[in-house]
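Trainee: I am new to this model and would like to learn how to read its pockets. Could you walk me through them?

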Amino acid sequence: MVITEIPWLTAIILVPLVSAFAIPLIPDKEGKTVRWYALGVGLFNFALTIYAVFNEYNFNNSSFQLEETYAWVPQLGLNWSVGIDGLSMPLIVLSGLITTLALLASWRVEKKPRLFYFLMLVLYSAQMGVFAAQDLLLFFFMWELELVPVYILISIWGGNKRLYAATKFILYTALASIFILVAALGMAFYGDTVTFDMAQLGMKEFPLALELLAYAGFLIAFGVKLPIFPLHTWLPDAHSEASAPVSMILAGVLLKMGGYGLIRFNIEMLPDAHIKFAPLLLILGVVNVVYGAFTAFGQTNLKRRLASSSISHMGFVLIGISSFTELGMNGAVLQMVSHGLIAAALFFLCGSTYERTHTLMMDEMGGLAKKMPKTFALFTAASMASLALPGMSGFVAELTVFLGVANSDVYSSTFKTVVIFLTAVGLILTPIYLLSMLRVVFYGEKNEGLKLDGFSLDAKPREVFITACLLLPIIGIGLYPKLATTTYDVKTVEVASKARAALPTIAQQQEMSRQNNIDEELASTVFVAPEID
């Protein structure tokens, strides 16, 4: 058994889960007590996370910290093994912030509040488990646990087509998750020892064929969650039907699990296979950026436009991790953090607008700026961050990815020029579809047939507070990027170095294979045994 003096990570993972099971025991008829309880749990767990990170975590150490390991199900080789490093730590903090704000955004949930907040807390726990797990089976267990609450949250509290969207979500993500288990089993049982420990798996020497198969399996599973074209079609449906708090978590946290998995497994554990797949990932990243931008431009549903925007922005993560440069890797992680904050803000404001207009169709809105000036100002600020306005986190993240690709010496100049040009096309389209969205929704003539909810035409203090909590770090990172980059710089340098170190290994293997083929040909043509009469 290995455990720190205080099991910080175990507490951060289990506090929401254990607290969720106390909800049925709370005496409450209208759901008011339950929502305060859930928010209190969220705030306590987020405070616990912040305290553990800033008091027990060393930002200059790239190895795993706060590690806790003990046998859970030894018959299956399943251990409770958790730990965080520069890759997982910022995403755990991001998850805590967005999920806590999503609980506050759920203040008006009146339908089955006990079940709703129970599922939200279980989802909170599963997210933390995914980013902290250091055992492949534990990672798979947490990954699957996260799917169930999202499915139920969409299918019960979603829109008119909620059952279709929820079913599509669970089919895509659950079927893709099987590839995680298959790849994990193949890696664990290879060699003399059977282990699911990620650190030990990272030290195993796998044959290239096995690496390629495992890489492909992980790529499918994480590609669905990221999402990568053409595995993305579940996302617009899920977002368009999910309630605002669920969309906040879906866009702000769950999509980042795909990027996290690609870096943690595909690059760190399978660097030789990454050399082969990197050009494909780079091309798919460009496709994501351009395709998502064009698709967003053609959407008239507010949530579907923002969902397509998420597809486009997550393409930068693929481009960054395929660059083989420290800048590119740094930009990929920063893009995940930045987009998590921006997307959560946009989907929350979208939900606030829907509560007042009862429609998501932009052509049914119009002239809302005069009636909802606070919401308009907040929506505009979040949209400016999404279109990468200088001074906001999106600009720094996307610029870093661009510089990472431009400085890469792995690809030819022609290939890099094409990649940068096409990605720039997507960037040009981004302000067009976002500014046109603001124009249609908030400017122009008011739709006289639109009936606004009378409870409050403009944003309430609670809604302003939630959005401000997301905009402040967006602006802070934009003006001073080290607020974020110092938390993971050491780790991204290590991952990029490991990926680059595999380059000569692959070249040497290819040269040896070519030389062996030449030797065999010479042997068959020159060294021929004499015939005996």
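Mentor: Gladly! On a 1 Å grid over the protein atoms alone, a pocket is an open set of points where a 1.4 Å probe fits, with protein on both sides within 12 Å along at least five of seven lines; lining residues have an atom within 4 Å of a point. Points are joined across faces, edges and corners, and a volume is the space filled by probe spheres set on them. This is a predicted model, where local features need pLDDT of at least 70, side-chain atom pairs count only at pLDDT 80 or more, and totals for chains, interfaces and linings use all residues. Residues are numbered from 1 along each chain as its sequence is written, and side-chain values use heavy atoms, without hydrogens and water.

Trainee: What volume does the largest pocket have?

Mentor: About 990 Å³. It is lined by 36 residues, and the closest to its centre are Trp157, Gly158, Ser243, Ala244 and Tyr354.

Trainee: Which helix gives the most to that lining?

Mentor: Helices are DSSP runs (H or I, at least four residues), numbered from the N terminus. H13 gives the most to the lining of the largest pocket, 5 residues.

Trainee: And how many residues of each class line the largest pocket?

Mentor: Ala, Val, Leu, Ile, Met, Phe, Trp, Tyr, Cys and Pro count as nonpolar, Asp, Glu, Lys and Arg as charged, and the others, Gly among them, as polar. Here there are 13 nonpolar, 11 polar and 12 charged.

Trainee: What about the second largest pocket?

Mentor: Its space is about 440 Å³. Val93, Ile477, Leu483, Ala484 and Thr487 are the closest to its centre among 21 lining residues. H3 (89–105) gives the most, with 5 residues, and the lining has 17 nonpolar, 3 polar and 1 charged residues.

Notes:
Helix = DSSP H or I, 4+ residues; strand = E, 2+ residues; numbered from the N terminus.
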